[in-house]
Amino acid sequence: MGLLLKIFIPLLGVALAFYFYSAPENFSEEMLRGKRVIVTGASGGIGEQMAYHLARMEAHLLLTARTEAKLQKVVKRCLELGAASARYVSGSMEDTTFPEAVVKEAENTWGGLDMLILNHIGYTYFNYFDGDVAHIRKLLEINFLSYVAMTVSALPLLKESEGSIVVVSSMAGKTGAPFSAPYSATKFALDGFFSSLRHEFIIDKVNVSITLCILGYIDTENAVRAVSHAIRSTPAPKEECALEIIKSGALRQRELHYPSRVVGSVILLQAIAPDFLDSLTRSGYKVENIRR
């Protein structure tokens with residue numbers, strides 16, 4: 001019986017994930033043409049790839065990140081790819097005034113906003129939790145509170161356009177995993193806040209969609225450098241991931257699971273066999289490569 005469960009449950013997860021969370025077929029790039037989009041964390045990784053996809057779709061782009069030189073290169077490439085317009089605002093989300101400044105730039109430039117893609121993250125370690133409460137507090141400021149602040153600042157514009165909020169989160173925000181306690185805490189916070197906010201929008205008949213993107217292991221430079229020595233699985237491509245995020249936001253989906261089969265299976269197992277999932281999760285790490 002135990003062996004059958006080990007075979008059946010993952011297969012069931014694959015089937016359900018594929019059915020419910022595979023990308024709908026009615027997406028069209030025309031949906032993004034001329035749309036005014038903010039992308040945070042856009043100097044590299046998934047954010048950079050989203051900027052390039054949106055540029056090819058002829059959207060207006062406002063990109064943010066910490067490093068100005070990298071943003072300049074991304075903006076230049078976006079214009080080459082056909083963006084209706086592209087500009088940037090550099091700064092740190094540790095600065096509590098920065099989210100409002102970014103949205104004000106969009107308002108002054110475009111007079112409105114159609115899509116807010118929240119993608120930035122702060123630096124954290126991949127290791128046993130070391131008891132550093134100050135680090136968690138700082139990470140919450142960047143990975144969670146700045147998302148809230150950006151949303152608060154952008155909401156009047158998004159209500160006017162009946163736009164979309166896209167929140168890039170992680171499987172670590174749906175189920176616990178070792179060696180990522182501070183990061184996981186911030187991602188769980190995103191799920192709680194934005195899922196609650198979605199209810200309030202529906203109750204108040206606010207036509208602004210919220211899409212929560214639950215991502216697995218993606219082959220960004222930062223992720224591979226941080227965890228490749230300790231994770232047995234193969235990362236999924238950032239280019240495809242970025243496109244699926246854009247599709248899910250344009251289609252106003254509740255959630256995106258990417259890679260859909262992996263993430264969907266994990267979420268299903270968490271609901272019906274949490275102890276088995278915990279054991280499976282731990283077996284996916286090369287614990288001997290983790291040094292305190």
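Which residues does G216 touch, leaving aside those up to four places away in sequence? Select G216 and show its surroundings: the contacts are M171, Y258, P259 and V263. Keep in mind as you look that this is a predicted model.

**Zoom out to everything**

Switch to a cartoon view of the protein. There are ten helices and seven strands to find. The radius of gyration is 19 Å, close to the 19 Å that the globule rule gives for 292 residues, so the protein is as compact as a globular protein of that length. Along the principal axes, the C-alpha trace spans about 60 × 40 × 40 Å.

**The sheet**

Next, select the strands. Seven of them form an open sheet with parallel pairing, and if you walk across you meet them in the order β3-β2-β1-β4-β5-β6-β7. Stop at the edges, where β3 (85-90) and β7 (255-258) stand: each has a single partner strand, so one side of each is left without a neighbour in the sheet. Turn the view to look for the twist, which averages 15° from one strand to the next.

For a closer look at one pair, select residues 115-118 (β4) and 164-170 (β5). These strands pair in the parallel sense over four bridges. Click on L118, and opposite this residue, in β5, you'll find V167.

What packs on the sheet and touches β6 and β7? Select residues 260-272: that's helix α9, whose direction makes about 110° with that of β7.

**A pair of helices**

Last stop: show α4 (residues 98-110) and α5 (residues 133-161). Their axes come within 8 Å and cross at roughly 25°. An angle under 35 degrees counts as roughly parallel, which makes α4 roughly parallel to α5. The crossing of α4 past α5 is right-handed.

From α4 come P99, E100, V102, V103 and E107, and from α5 come S146, A149, M150, S153, A154 and L157. Colour this contact by class and you'll see seven nonpolar, two polar and two charged residues.

Technical notes: Residues numbered from 1 in each chain as written. Predicted model: local features only at pLDDT ≥ 70, side-chain atom pairs only at ≥ 80, totals over all residues. Heavy atoms only, no water. Contact = heavy atoms within 4.5 Å. Pairing = 2+ DSSP bridges. Helix = DSSP H or I, 4+ residues; strand = E, 2+ residues; numbered from the N terminus. Axes fitted to C-alpha atoms, helices over the stretch in contact; angles between N-to-C directions. Parallel < 35°, antiparallel > 145°, perpendicular 65-115°, else oblique. Left-handed = near helix turned anticlockwise from the far one by under 90°. Nonpolar A, V, L, I, M, F, W, Y, C, P; charged D, E, K, R; others polar. Rg over C-alpha atoms; globule rule 2.2 N^0.38 Å.
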